[in-house]
Amino acid sequence: MKLSVPGRVTGAAVIAVAALLTTSAIADAAPARVAAAPDIPVANVKAHLTQLQSIATANGGNRAHGRTGYKASLDYVKAKLDAAGFTTTIQQFTASSRVGYNLIADWPGGDANQVVMAGSHLDSVTSGAGINDNGSGSAALLEAALTVSRTQYQPTKHLRFAWWGAEELGMIGSRNYVNGLTTANRAKISGYLNFDMIGSPNPGYFVYDDDPTIEKTLKDFYAGIGVATEIETEGDGRSDHAPFKSAGIPVGGVFTGASSTKSAAQAAKWGGTAGQSFDRCYHSSCDTTANINDTALNRNSDALAYAVWELSE
């Protein structure tokens, strides 16, 4: 920002005093940002996906609710978070006669009366490893959390990350969490960000049009990298933001598309193949590490971090 001072001021001492006063006034009027959002290394996100794939392969080919692959996935994520200094909590629930788990991770510090949450579901369907749905969101969320630790980010607001169980059965885990909150604790959550399927192989760039502030924050990120977005409609109400929204908590998120077909106009805008699903392997056995678009995963991982940093400072 260019500043001007009326008239000509001479004398080194006067200039120095003026500079100090000007600097002080600027600092008082516009406090410095807490920290700029970091770039999330997509190689690290993909390394987490490789681990989730290995877990699925070793456990009957899936990471579904109530199966050994899900619990092993949760243990993997929890171990990383514990080593990074998060306070982790496992919430247990029962659905379809099987035990399920949510994993909640709190970063120490920040205003406990203003909580910014980001979440993703960690379970797959029984028919496959669920690497795009929803290893992609879970891995990006994990790497963002680990980046909070690596950078020792100290936001103004309190940061909380969550990996939900039994989303594929109807958002059971996230609903269990929200229903268990007191009215006072619900009111402390200033926003919930959801990341479900962010690496589709024939991707679109969809932003939830729920809370205006969260929506604008995410759209600003994509505008900054020259990527056009559209309003997300395919998964509206079908992922873990729904229980939060129903409870009156501001929500938002991003999505790269599932079984819906990419139009010619969308292919012209984003690349990829018109007339083909955004994810041809949605809820099937071919949803493996080969079912990820690296560019989409990279952009959306950075969008996740941008929103977390912007909304929590």
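User: Which residue lies over the face of Y101, and at what distance from the ring centre?
Analyst: This is a predicted model, where local features need pLDDT of at least 70, side-chain atom pairs count only at pLDDT 80 or more, and totals for chains, interfaces and linings use all residues. Residues are numbered from 1 along each chain as its sequence is written, and side-chain values use heavy atoms, with hydrogens and water left out. A charge sits over a ring if NZ of Lys or CZ of Arg is within 6 Å of the ring centre and within 35 degrees of the ring normal. Over Y101 the residue is K71, at 5.6 Å.

User: Over which ring does the charged end of K269 sit?
Analyst: The distance to the ring centre is 4.9 Å. The ring belongs to W270.

User: How are the rings of F221 and Y306 arranged?
Analyst: Rings of Phe, Tyr and Trp (its six-membered ring) pair if their centres lie within 6.5 Å; planes under 30 degrees apart count as stacked, over 60 as edge-to-face and the rest as tilted. Here the centres are 5.6 Å apart and the planes make 45 degrees. The pair is tilted.

User: Why does this pair tie together parts that are apart in sequence?
Analyst: Helices are DSSP runs (H or I, at least four residues), numbered from the N terminus. F221 lies in α7 (residues 212-224) and Y306 in α10 (residues 294-312), so the parts tied together are 85 residues apart in sequence.

User: Is F221 buried or exposed?
Analyst: Buried means under 20% relative accessible area, exposed over 50%, partly exposed in between (1.4 Å probe, protein chains only). F221 has 11%. F221 is buried.

Definitions and conventions:
Helices (H or I, at least four residues) and strands (E, at least two) are DSSP runs, numbered from the N terminus.
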